[in-house]
4 protein chains.
Amino acid sequence: MGALKTVAVVGATGYTGQELIRLLLQHERINLAKVVSQSSHGKPLSQVYPNLARHTDLVCSDATIEELAEQVDLIFLALPHGHAASKVTSDILRKCKIIDLSADFRLKQKTDYVEWYHMDHANPALLHEAIYGLPELHRKSIAKSNLVANPGCYATCSILSLAPLLKADLIDTASIVIDAKSGASGAGRSTSLGMHFDEVDENFKAYSVASHRHTPEIEQELSSFTQNPLKVSFTPHLVPMNRGILVSAYANLKETRPDVRPLASEVFDVYRRFYQDEYFVRLFDNAEADYLFPETRWVKGSNFCDIGLTVDKRTNRVIVIGALDNLIKGAAGQAIQNMNLMFDWAETMALKQPSLFPG
Amino acid sequence: MGALKTVAVVGATGYTGQELIRLLLQHERINLAKVVSQSSHGKPLSQVYPNLARHTDLVCSDATIEELAEQVDLIFLALPHGHAASKVTSDILRKCKIIDLSADFRLKQKTDYVEWYHMDHANPALLHEAIYGLPELHRKSIAKSNLVANPGCYATCSILSLAPLLKADLIDTASIVIDAKSGASGAGRSTSLGMHFDEVDENFKAYSVASHRHTPEIEQELSSFTQNPLKVSFTPHLVPMNRGILVSAYANLKETRPDVRPLASEVFDVYRRFYQDEYFVRLFDNAEADYLFPETRWVKGSNFCDIGLTVDKRTNRVIVIGALDNLIKGAAGQAIQNMNLMFDWAETMALKQPSLFPG
Amino acid sequence: MGALKTVAVVGATGYTGQELIRLLLQHERINLAKVVSQSSHGKPLSQVYPNLARHTDLVCSDATIEELAEQVDLIFLALPHGHAASKVTSDILRKCKIIDLSADFRLKQKTDYVEWYHMDHANPALLHEAIYGLPELHRKSIAKSNLVANPGCYATCSILSLAPLLKADLIDTASIVIDAKSGASGAGRSTSLGMHFDEVDENFKAYSVASHRHTPEIEQELSSFTQNPLKVSFTPHLVPMNRGILVSAYANLKETRPDVRPLASEVFDVYRRFYQDEYFVRLFDNAEADYLFPETRWVKGSNFCDIGLTVDKRTNRVIVIGALDNLIKGAAGQAIQNMNLMFDWAETMALKQPSLFPG
Amino acid sequence: MGALKTVAVVGATGYTGQELIRLLLQHERINLAKVVSQSSHGKPLSQVYPNLARHTDLVCSDATIEELAEQVDLIFLALPHGHAASKVTSDILRKCKIIDLSADFRLKQKTDYVEWYHMDHANPALLHEAIYGLPELHRKSIAKSNLVANPGCYATCSILSLAPLLKADLIDTASIVIDAKSGASGAGRSTSLGMHFDEVDENFKAYSVASHRHTPEIEQELSSFTQNPLKVSFTPHLVPMNRGILVSAYANLKETRPDVRPLASEVFDVYRRFYQDEYFVRLFDNAEADYLFPETRWVKGSNFCDIGLTVDKRTNRVIVIGALDNLIKGAAGQAIQNMNLMFDWAETMALKQPSLFPG
């Protein structure tokens with residue numbers, strides 16, 4: 001075993017930051033050297049998050065990214081969008097690796113960023129340097145990169161659920177509807193009336209209908225499998241629970257021969273081939289099993305993305321159900337998976353905890 | 001004010017039965033004469049449901065439908081499917097009115113019943129006598145009927161959400177995707193592992209994917225607006241909460257002129273016309289309002305169906321969001337709305353309670 | 001039936017204000033003339049609370065209490081503590097009745113107010129004019145009063161649970177422990193990290209241990225039955241649900257004769273006598289019933305306070321369980337009960353809705 | 001590192017069994033050889049619990065304890081009470097170690113078992129051989145034992161919360177009131193109306209008031225610190241959440257000198273001394289911290305028991321708040337802690353995962 005790598009987490013007291021820290025503290029090759037939080041600067045992390053007592057004595061720092069770049073091998077940025085774009089520079093990237101968990105480096109086209117995030121991009125030159133950090137699609141590029149843009153939670157689940165269909169050219173690319181549902185932690189720890197307990201509990205709602213910012217990520221990545229850029233309808237919903245994303249994706253199956261469309265078993269074959277070497281993607285492909293489709297509970301607390309599907313023969317539509325933990329495979333866990341790749345470690349290191357159930 | 005009408009509830013101790021009773025106890029024109037429950041026969045209802053203490057001294061009876069038909073003006077049947085079909089006869093219908101809350105008389109085609117419910121229908125002759133009890137579509141027929149088939153909860157929400165689009169011929173009828181979500185009370189009070197608290201809490205899942213029994217109801221009623229029978233993809237999901245259904249429906253807009261598809265405001269005009277006289281349908285059509293789309297919390301405890309929509313211009317798809325309380329507008333409230341029609345009373349009688357919030 | 005009484009609600013957009021409005025809209029003797037909200041001034045109430053659409057067209061006003069006093073017969077003040085004390089004057093009370101839902105007029109001793117609320121009282125002269133608005137204890141005084149201090153939610157549940165024991169002199173007054181639990185709506189609609197969804201969901205905690213502000217109310221009212229002032233240990237807890245308070249109260253039974261302490265049945269006799277004419281107090285005193293103790297679900301959405309008890313013979317302690325809906329019997333419902341008394345109407349008017357279950 | 005120890009879990013598909021397996025799969029010194037479930041015999045465990053897919057290929061067995069005793073070094077019994085008493089024999093204990101997670105071997109007095117469990121004890125001779133498996137009290141005896149009775153979840157939290165007070169003789173032993181609250185997983189995976197989702201969600205209730213079976217365990221263990229056996233009032237409540245126990249314990253402080261009772265800081269000194277070497281007990285003793293008392297969320301998913309306290313000077317009562325995860329420190333985690341002791345391994349092995357938050 002080589003020397004420990006030194007890492008820092010910026011934005012340490014948000015839910016994603018805390019989750020990163022929780023996982024990093026269990027990583028045997030890592031020295032978590034600095035945790036940065038402007039709001040809690042000077043406080044022991046275990047006072048902000050008493051679950052971390054006994055696990056770390058780290059005190060929240062207000063170090064800048066420039067300062068951190070001199071001290072650590074890799075920085076995780078878990079900040080709202082707009083921050084990373086203005087702070088990450090080529091100079092910093094020469095000194096250390098960056099995994100940015102915001103949206104700032106996910107979109108290849110600056111115009112997409114401007115359109116969906118309603119702000120200019122401070123550092124468009126880096127957009128093409130950054131690698132979209134979805135290991136199941138970009139493993140090799142991630143391993144060689146110094147700047148990884150960690151995907152959005154909804155985007156990860158949507159892309160993994162649909163990519164095999166597009167690669168195999170099984171569906172009408174204009175017919176994709178993604179109906180997504182997330183627990184509340186996806187909204188972060190900033191308070192607002194919309195996330196007040198009594199406004200979320202015992203309620204179910206759609207939000208950002210036809211306008212959610214993960215849409216262009218999904219389209220960018222799925223379009224890499226098609227000749228022409230595709231567009232999807234993406235609608236997120238808020239579930240009264242803490243963690244978990246479930247995506248229900250619909251698309252019209254193409255005819256493979258005149259009037260013949262693939263069976264569910266044939267579609268599953270495509271998925272099995274696509275994901276045959278992927279530890280973190282589990283297929284629900286056993287028609288005899290007790291559970292035919294993924295549920296968020298089976299992934300809660302783990303880095304898995306579970307995928308199931310069926311073919312609705314009456315409408316010739318394939319229906320894919322994907323599930324993951326939005327804070328793990330949808331954020332912090334995937335970031336660590338990317339880090340493992342960037343440091344050439346086993347991709348699963350520190351990420352093999354089974355899901356906590358009931359959780 | 002005329003004399004009180006006498007009614008009975010059969011299946012009184014299920015969630016729907018109890019909800020019927022709760023609402024009937026607040027109905028000024030009704031004498032709730034009998035509540036029938038085989039499992040709780042002989043017990044005061046307020047022992048099974050302590051919330052009803054002070055409100056009723058009724059004791060659960062095991063009277064048969066034949067006996068009830070001699071004693072009351074109207075019977076509500078809140079039993080699992082299969083029971084009503086075998087118990088309701090023309091003879092009974094000559095003596096009293098029936099509102100059946102099961103699926104037994106909803107489908108016009110016996111073959112649909114057999115296909116989706118996997119059993120023969122005991123009384124197919126009554127299928128064409130029964131009226132599908134959705135007042136917003138069949139008000140006049142309901143008023144004249146002795147046998148009303150109260151719609152399914154998902155079906156009510158789906159049909160009300162989509163009917164205006166079909167009547168106005170705005171969408172491609174082959175493109176309809178209905179992604180529906182329900183609280184747990186829709187599954188009833190019978191215990192099972194799937195409805196055990198720790199299996200539902202903090203979990204979100206799809207179920208009966210492409211195979212849910214409310215599908216043929218939805219297709220039957222929506223097809224009444226089209227030349228050819230349409231088919232929909234319908235996927236229900238279970239939300240970790242007690243009450244409420246939210247439907248997210250997707251369909252491709254037709255061109256109204258070459259390359260021109262309707263705007264959201266034009267689609268809203270269609271809905272406003274369709275529902276202009278409907279007390280129980282509320283449109284979320286104010287683009288300046290705090291809440292642009294329905295949420296289940298605003299209808300919980302009420303008989304409303306709230307509807308909102310938008311047009312996703314990028315994909316030329318209309319997205320309609322509908323919400324209702326599955327036990328009220330989706331079951332017991334709608335049954336009372338039907339009863340009010342059948343007795344020629346104000347349709348809103350005993351149904352004007354505002355939603356309980358936070359609830 | 002006489003003319004309608006005109007009322008106003010100040011603090012209309014908090015949870016308690018909204019609940020008052022919801023109930024007042026169902027009150028047949030009331031004209032709800034004004035709803036005041038500084039934060040939502042100018043907005044239709046149904047935009048702030050879409051559940052109220054169809055029920056009211058009222059627009060939030062910023063009228064002052066002085067202005068309202070000229071226009072209405074009664075004002076409900078649903079404001080944070082400190083406001084009512086500074087705004088209610090003898091002059092206003094000559095013009096209209098006031099029901100204050102804050103703590104400002106609950107405590108007879110100004111020193112208690114200063115000690116527990118950490119602020120001076122702006123109008124101590126009114127403290128002895130105000131009546132503590134617990135109808136089960138002070139019905140006659142309330143009926144004659146122009147200023148009613150509506151009790152705290154925890155206080156209502158605690159006092160009703162324990163008063164019979166003290167009146168009958170059954171317990172050691174130094175031994176009272178009240179362990180109370182509440183849903184989140186008791187904390188109001190103001191956002192804070194502590195009430196953020198992910199911080200409350202799937203969590204249970206104690207708060208304000210040995211320091212909650214409802215303590216002096218409880219002691220004041222219970223002491224009215226004893227020779228010497230008593231003190232209680234009162235510990236509230238936060239339950240991850242919207243509504244409901246459950247109080248578990250413990251006290252040592254006195255010997256009625258040497259070495260003889262009362263049986264549960266004898267204690268129940270005392271409660272039955274104490275509450276024999278009270279519509280809104282329901283006793284769980286049937287040892288054969290399915291449910292031996294109150295639960296919050298049976299009162300949710302209703303104005304009832306349910307009470308059950310047992311005697312722990314091993315420790316000679318009586319354990320009393322009380323439950324109510326914190327926003328109804330614990331706030332808005334009780335305020336309307338008080339209003340009914342002040343206007344000499346049936347005490348139960350507009351308050352007889354059964355609890356919503358499952359809710 | 002020595003050879004792996006071989007273990008089996010009997011009752012593998014209950015919540016406790018599954019939690020044991022989840023933790024054992026992360027234990028580096030263990031070979032989990034057999035998982036026994038009568039109800040799921042022949043099924044892969046990952047079909048019953050899809051969260052365990054990728055983690056184990058074990059298939060549920062119906063091996064008897066006799067058979068297992070020949071094959072493994074240690075058996076965990078996670079069965080309802082009554083089973084272990086009839087199955088564990090001296091002969092089996094000569095062949096392998098047993099950790100029984102039921103109540104069968106917890107009570108030293110057979111009469112206590114008969115009184116509280118309403119059945120005879122099949123093997124009373126083993127009662128005195130068994131060690132009550134609370135490491136913080138009985139570490140050395142556990143290490144030498146072949147039969148460990150794993151404590152009840154409520155009992156663990158109650159005993160750890162109160163033991164220091166009794167050892168230091170700070171309280172009146174007749175004054176102890178324990179008001180306990182638990183998430184639903186404590187009730188296990190067997191379905192019943194009382195644990196049906198809609199009956200638990202949005203509800204709070206007391207149950208087994210003054211009659212819960214963990215009472216005699218608590219009294220037995222706490223009495224070991226006192227001259228005379230003590231009795232407590234113990235009342236459990238059901239919280240609408242999956243995991244977590246919170247205990248609020250009340251007791252009257254003795255005078256240390258005439259009219260002088262200890263301050264909170266002095267009581268904390270006692271707790272610090274008592275738990276100074278205990279990794280799994282964390283004290284909330286920093287009066288400047290953001291969180292003054294334990295909450296269930298900080299222990300969820302971990303093996304910690306968090307303890308905080310205050311002194312209510314007005315009533316001379318100490319109020320202790322304890323929290324733990326009922327399936328971990330309250331069951332499976334503590335069982336593994338005991339196993340680690342019995343095999344002379346580091347007590348914390350496989351038990352150092354931080355709590356999952358938000359969880």
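Tutor: In chain C, helix 8 (residues 153–167) packs against helix 11 (residues 264–274) at an angle of about 105°, their axes being 9 Å apart. Axes here are lines fitted to C-alpha atoms, for helices over the stretch in contact, and angles run from 0 to 180 degrees between N-to-C directions; helices (H or I, at least four residues) and strands (E, at least two) are DSSP runs, numbered from the N terminus. Helix 8 of chain C is therefore roughly perpendicular to helix 11 of chain C, a term that covers 65 to 115 degrees. The model is predicted: local features need pLDDT of at least 70, side-chain atom pairs count only at pLDDT 80 or more, and totals for chains, interfaces and linings use all residues. Residues are numbered from 1 along each chain as its sequence is written, while chains are lettered from A and ligands numbered from 1 in the order in which they are written.

Helix 8 of chain C contributes Ala163(C), Pro164(C) and Lys167(C) to the contact, and helix 11 of chain C contributes Val270(C), Tyr271(C) and Phe274(C); two residues are in contact if their C-beta atoms, placed from the backbone, lie within 7 Å. By class, these residues are five nonpolar, no polar and one charged, where Ala, Val, Leu, Ile, Met, Phe, Trp, Tyr, Cys and Pro count as nonpolar, Asp, Glu, Lys and Arg as charged, and the others, Gly among them, as polar.

Chain C also meets chain B, with 32 residues of chain C in contact with 31 of chain B. On the chain C side, helix 1 (15–24) and helix 2 (45–48) each give two or more residues, and helix 1 of chain C gives the most, with three. That side comprises 15 nonpolar, 11 polar and six charged residues.

Methods:
Parallel < 35°, antiparallel > 145°, perpendicular 65-115°, else oblique.
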